[in-house]
Structure formats: C-alpha cells, structure tokens
Amino acid sequence: LRLRLRLRLRLRLRLRLRLGMALRRVALLALLAAPAAPLATPRPNANNAFMSRVVAWFKTSDMVRRKHAEHVEGDAPQHLMKGSPLAGAPDSLKLKFIDSAAGKWIEEFMRAERAEAGDWKTAMVIEAAGDDFDPAAARREVDAMLDSADIVVFSFTDCPWCVAARTLLREELTAMGEPQPSLRVIELDELPGAQGKRVRAVLATTTGRTSMPNVFVGGRSLGGFTDGDPEGELAAPGVNPGLRTLKAEGRLADVLRPTLTPEPQSQTQP
C-alpha cells in the first residue's frame with residue numbers, strides 16, 4: 001500500500017512538473033511573438049553605444065565560449081536560436097516573432113555584431129569547420145550548389161528569418177508564374193557530417209555573412225531577409241537592402257526575373 005501511494009505521489013509530481021514546463025513554454029513563446037510596442041524617438045548614438053557594449057560582452061562571455069566549444073566538437077552548425085523554445089515552434093509563430101519587440105532587438109544586435117565583430121565571427125566559423133577544412137574543396141561544393149538552381153537560399157531549419165525568406169520567395173515566384181524548381185533551399189543543419197559547417201565557412205569568407213539566410217540570385221548573394229549588403233567575391237553588385245525591403249519597394253520581382261532560366265519552348269514540325 002505504501003509503495004502504491006509513493007508511486008502515485010511521484011506520478012502526480014511528474015505530471016505537475018511537465019504541465020508547469022509546458023505552460024512556461026507557451027507563455028514564453030507568446031511573449032516572444034508579442035507585437036513590438038511603439039518606441040519613443042530613437043537616440044542613434046546612445047543606442048549604438050549600448051549595442052557596442054552588448055557585443056563586447058557577448059564576445060567574451062562564458063556562454064559564447066561554451067557554445068563555440070560545442071560547435072567545434074559537433075557536426076551540425078550552431079546558431080543563436082538553436083535549442084531555444086522558439087526553435088520548435090510552428091512557422092506561423094516564427095514569422096510573428098520577427099516583428100515582435102524581441103525579434104527587432106535581435107535584428108539590431110546582429111547588425112551590430114556584423115559591423116563590430118564580423119572578422120571575429122568569421123574566424124570562429126572557420127575554426128568550427130575543423131582542422132581538415134579545405135577551403136578550395138568546400139568552395140567547389142558551394143559552387144555546385146549555386147549552379148543547381150537560379151535562386152539558392154542557404155538556411156537553418158529553425159531560424160525565423162530563414163522561414164520568412166523561404167516563404168516570401170515561394171510566394172513571389174508563384175505570383176510571377178515561375179516554377180518552384182527555380183528555387184532551391186539548402187538547410188545547413190541537415191547536410192551530412194560537417195558539410196554544413198564547411199559551407200558556412202565558405203559563405204562567411206565570400207560574402208561576409210555568417211548568419212542565415214544567405215540568399216543567392218544568379219550565383220550572387222543579396223544578403224538576408226531583413227539586412228543585405230554582402231561583401232566579398234560572391235556578393236551581388238549594387239545596394240542590396242535585403243528581401244523584405246526589396247519586396248516593400250516593389251523591386252523584388254525585378255531582381256529575380258533576369259536570373260530565371262526560361263523554360264524551353266516546344267518545337268513543332270513544319
């Protein structure tokens with residue numbers, strides 16, 4: 001009888017613990033996806049100084065050192081959202097997160113990180129690719145991927161901005177009447193072995209971008225979803241503000257259309 005009571009008590013405690021964790025998870029996801037509140041007039045200098053301090057702390061934090069060590073030891077590439085509650089959320093919630101207060105803050109942080117710590121981040125990505133990383137061989141892998149479709153998106157499966165880029169491009173191609181094979185999405189965290197880390201290292205050194213998505217049109221990088229201006233050998237010429245701005249300005253279809261391979265016309269015998 002005592003054993004039964006103990007088992008029942010343990011079962012109840014476990015159920016309560018799981019329920020509590022589930023409720024906290026739902027509450028956190030709801031908070032993350034909450035719409036951004038109206039902000040007061042920004043103070044660029046103060047905001048830039050604050051972000052600079054955040055980036056400086058981030059570079060030297062124990063959290064980053066631990067994550068980097070895990071990145072070096074593991075096969076799959078790591079990123080900011082990996083392992084977070086948002087990673088397992090449905091795509092609809094990821095898309096809402098982008099326009100939330102938390103999403104906007106992360107965008108600003110990523111811009112500051114790239115501007116002030118881009119070389120540091122690239123060096124870490126190259127180190128994570130492994131001692132046997134062969135830049136020339138990895139570049140050939142990337143070139144083959146870029147030749148496989150008119151539009152290639154390098155992505156992480158659970159990244160909100162990657163979900164947004166994939167969604168927007170598919171919708172735009174459908175509206176343009178273009179076949180979906182024109183677009184290829186390559187999920188770096190689903191590539192076999194350490195290939196995803198090798199590809200990421202090549203993208204970092206040829207476009208100046210370590211974050212995903214990295215959108216290529218006609219073999220040249222336009223940048224990401226909310227930010228653009230890639231730098232390097234594979235960067236597209238001109239000013240590239242990112243997919244969302246191109247769409248908002250009505251220029252996305254014009255950017256995509258010249259690179260699309262026309263379908264072969266059927267020939268009739270005279």
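The model is a predicted one. It has ten helices and four strands, and 41% of the 270 residues in the protein chain count as buried.

**The chain as a whole**

- Going along the sequence, the elements run α-α-α-α-α-α-β-α-β-α-β-β-α-α.
- Take the contacts between residues at least 6 apart in sequence: 70% of them join residues at least 24 apart.
- The protein chain shows an accessible surface of about 15,900 Å², and carbon and sulfur atoms account for 56% of that.

**The β-α-β unit**

- Strand 1, helix 7 and strand 2 come together as a right-handed β-α-β unit.
- The two strands, residues 151-155 for strand 1 and residues 183-187 for strand 2, pair in the parallel sense over five bridges.

- Leu173 belongs to helix 7, which spans residues 160-176.
- Is Leu173 buried or exposed? Its relative accessibility is 0%, so Leu173 counts as buried, the cut-off being under 20%.
- Leaving aside residues up to four places away in sequence, Leu173 touches Ile151, Glu178, Gln180, Leu183 and Leu260.
- Leu173 and Leu183 are ten residues apart along the chain, and their C-alpha atoms are separated by 8.5 Å.

**Helix 6 against helix 8**

- Helix 6 (residues 135-147) packs with helix 8 at an angle of about 90 degrees, and the axes lie 9 Å apart.
- That angle makes helix 6 roughly perpendicular to helix 8, because 65 to 115 degrees counts as roughly perpendicular.
- Who meets whom? From helix 6 come Pro135, Ala138, Arg139, Glu141, Val142 and Met145, and from helix 8 come Gln195, Arg198, Val199, Val202, Leu203 and Thr206.

**Gln195, at this helix pair**

- Gln195 is found in helix 8, which covers residues 195-207.
- With a relative accessible area of 13%, Gln195 is buried, since the limit is under 20%.

Technical notes: Residues are numbered from 1 along each chain as its sequence is written. This is a predicted model: local features need pLDDT of at least 70, side-chain atom pairs count only at pLDDT 80 or more; totals for chains, interfaces and linings use all residues. Side-chain values use heavy atoms; hydrogens and water are left out. Buried means under 20% relative accessible area, exposed over 50%, partly exposed in between (1.4 Å probe, protein chains only). Contact means heavy atoms within 4.5 Å. Accessible areas come from the Shrake-Rupley method with a 1.4 Å probe; for residues, only the protein chains shown count as cover. Two strands pair if DSSP finds at least two bridges between them. A crossover is right-handed if, with the strands pointing away from the viewer, the path from the first strand over the helix to the second runs clockwise. Axes are lines fitted to C-alpha atoms, for helices over the stretch in contact, and angles run from 0 to 180 degrees between N-to-C directions. Angles under 35 degrees count as roughly parallel, over 145 as roughly antiparallel, 65 to 115 as roughly perpendicular and the rest as oblique.
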